[in-house]
Amino acid sequence: MKKKNSPMPFVIIAAVLMWIKTYIAYKTSFNMKIDDPLQEFILLINPLSFLLIIFSLALFMEKEKTQKIYIIGMSGILTFILYANIGFYRFFNDFLTLPVLFQTNNFGELGSSMGELLHWTDIAYFVDVVILYAVFNLKPSLLQFHFVRKISRKAYYVFAGVLALVNLSLAEIERPQLLTRSFDREMLVKNIGTYNYHLYDLFLQSKSSAQRAMADGSKLADIQNYVMANKTDPDPELFGIAKGRNLIIVSMESMQGFVIHSKINGKEVTPFLNSLIKDSYYFDHFYHQTGQGKTSDAEFLIENSLYPLGRGAVFFTHSGNHFESLAKKLGQNGYYTAAMHANNKSFWNRDLMYKSLGYNRYYSSVDYKIRVGETVGWGMKDIPFFAQSTEMMKKMPQPFYTKLITLTNHHPFKLDAGDRFIDEFTSTDGTVNRYFTTVRYTDEALKQFFADLKEKGLYENSIILLYGDHYGISENHNAAMAQFLGEEITPFKTIQLQKVPLFLVIPGMTDMGRGKIISKVSGQIDIRPTLLHLMGLPEKNDMEFGSDILSKEHEDFVVLRNGSFITDKLLYANSHCYAKNTELPVDPVLCDPYKESAKTQLDYSDQIIYGDLLRFYHSPK
């Protein structure tokens, strides 16, 4: 009987080349903090067992040509997965998930950002695929297909299996309950590897799909008890002070809190917003709580007072769910509701999601007259966007609720020279340098927007809320940020940089210099109950996890989507507990009670979304 040849040498070469490339990517393209030698060792070995096993499937194929196609093809597929994560990480400082990969109708809008994210040196990531192809065609004598004894194949699989067990054991030592308690994708990649992480993500996606199919109303009881036990009563002096007024919400793209009162060459970056502080309630300890959905997550938070998902964007993955949104609540109380965003209506699946949220109308790019010179980067510039939006608002039935989403201050933060009101910052990081020019442009647009509201008679009978939707500058730019801020960007500082501005303007109450700074620790999840109380609409029976920031009972506690949290005295991030007054690590026991509360809130919110549980909820009257 003729002995069958085996492609074992090529399998090993392909696995080793991919292993080396992956580790190089870990060290050069992903900004992952390594705390100790054990973590570095885990990082080194974590791709190898998967690669040895996945390439070894070629050993079960009969034909030599099929084996070659499989090995080269798999190398190409894995390279694509690795490189897709590299590009995604450069912008979002995060790793891809399956729901994000399926958001293909967003990719067409990424053109301006992608140019910044691709580097010519990235071609090196594809060199090993070319090498494999050359080796297969040149067929050096040392690497000819030849017979490999059965015992050698067994030893190969035993080694791969043992390596996988060692990896998982060390990961469990380094991060106990990694797969059951971690909200941090970077922690998963550091411990089980990029490719195993994606397998785990596939498992989670399958699990989430099953959750809705298997869900029933019985799951709501514990969640409802928890939510109702944590409700806060409104300040009786403030409840209903804005009853019957229009509500205008502005989502300020990529606007971080550190820009307020900042200067470039002696010029204020946000002169209008700085001046608005004296005419508003300004919340200077307010945090964004978004995940991978970024702007859409911020919208989801303020509409529903539920947390976004840890993977993907609710706007895509669960747009068909039943929601009791802010728009729906106001619509039930006589408001005309509209979302205004001069972008493609399908971007972030808004055309479908806004229907689920109960909006009467979505004004997208087709509703705006976008003239030559009025676009930059991701769409219509903010100044003409606001000008046309106020014209549309003037024609709306009142009272109305409108949400306006700005675009100019979006990565890669490029702006025509004629639109710049301030010089760029001077560092070696172009992204950070340009950021301040687009922030300044949005600030000028907001100044003109307020003037238009007053001119058109919309200001006095409205309340206006401005909020930053998410960070603009990720951790990948810490060196330039340290230069700008004049201090090292520690893990503590990184969380503090997640502060975003929140302004609440109530004409006749906060304006005319009657505003004040409110330093309660709060987040986007708190906006819905805060607004409903001001507008005299009780929400004591609503399923929401936020609380009225203006309530005397409001707790200084904000949970971020990755499981980090902030209180008035403590900050928890990257498994470390910090004292806010010293910015130094303290006994982790101090953070333990809050850790459980943070996990409970995130878990309960996830259950509501994955199971579409609000379809079973009938609010008691």
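How much space lies in the largest cavity? About 60 Å³.

## Basis

This is a predicted model, in which local features need pLDDT of at least 70 and side-chain atom pairs count only at pLDDT 80 or more, while totals for chains, interfaces and linings use all residues. Residues are numbered from 1 along each chain as its sequence is written, and side-chain values use heavy atoms, with hydrogens and water left out.

## Cavities

A cavity is a set of points, on a 1 Å grid over the protein atoms alone, where a 1.4 Å probe fits but cannot get out. Points are joined across faces, edges and corners, and a volume is the space filled by probe spheres set on them. Four cavities of 30 Å³ or more are counted. The largest cavity is lined (an atom within 4 Å of a point) by N304, L306, E324, R528, D542, M543, L614 and Y617.

## Sheet

Eight strands (DSSP E runs of at least two residues) form an open sheet with mixed pairing, ordered β7-β6-β10-β1-β11-β12-β4-β13. Its edge strands are β7 (361-363) and β13 (516-518). Pairing requires at least two DSSP bridges. Strands β1 (residues 246-252) and β10 (residues 400-405) run parallel and are joined by five bridges; V250 stands opposite L404 in β10.

## Helices

Helices are DSSP H or I runs of at least four residues. Helix α19 (residues 382-394) lies across β1, β6 (336-340), β7 and β10, with contact meaning heavy atoms within 4.5 Å. Helix α20 (residues 430-455) lies across β1, β10, β11 (462-468) and β12 (502-505).

In helix α2 (residues 37-45), Q39, I42, L43 and I45 are buried, meaning under 20% relative accessible area with a 1.4 Å probe, protein chains only.

Methods:
Axes are lines fitted to C-alpha atoms, for helices over the stretch in contact, and angles run from 0 to 180 degrees between N-to-C directions. Buried means under 20% relative accessible area, exposed over 50%, partly exposed in between (1.4 Å probe, protein chains only). On a 1 Å grid over the protein atoms alone, a cavity is a set of points where a 1.4 Å probe fits but cannot get out, and a pocket is an open set with protein on both sides within 12 Å along at least five of seven lines; lining residues have an atom within 4 Å of a point.
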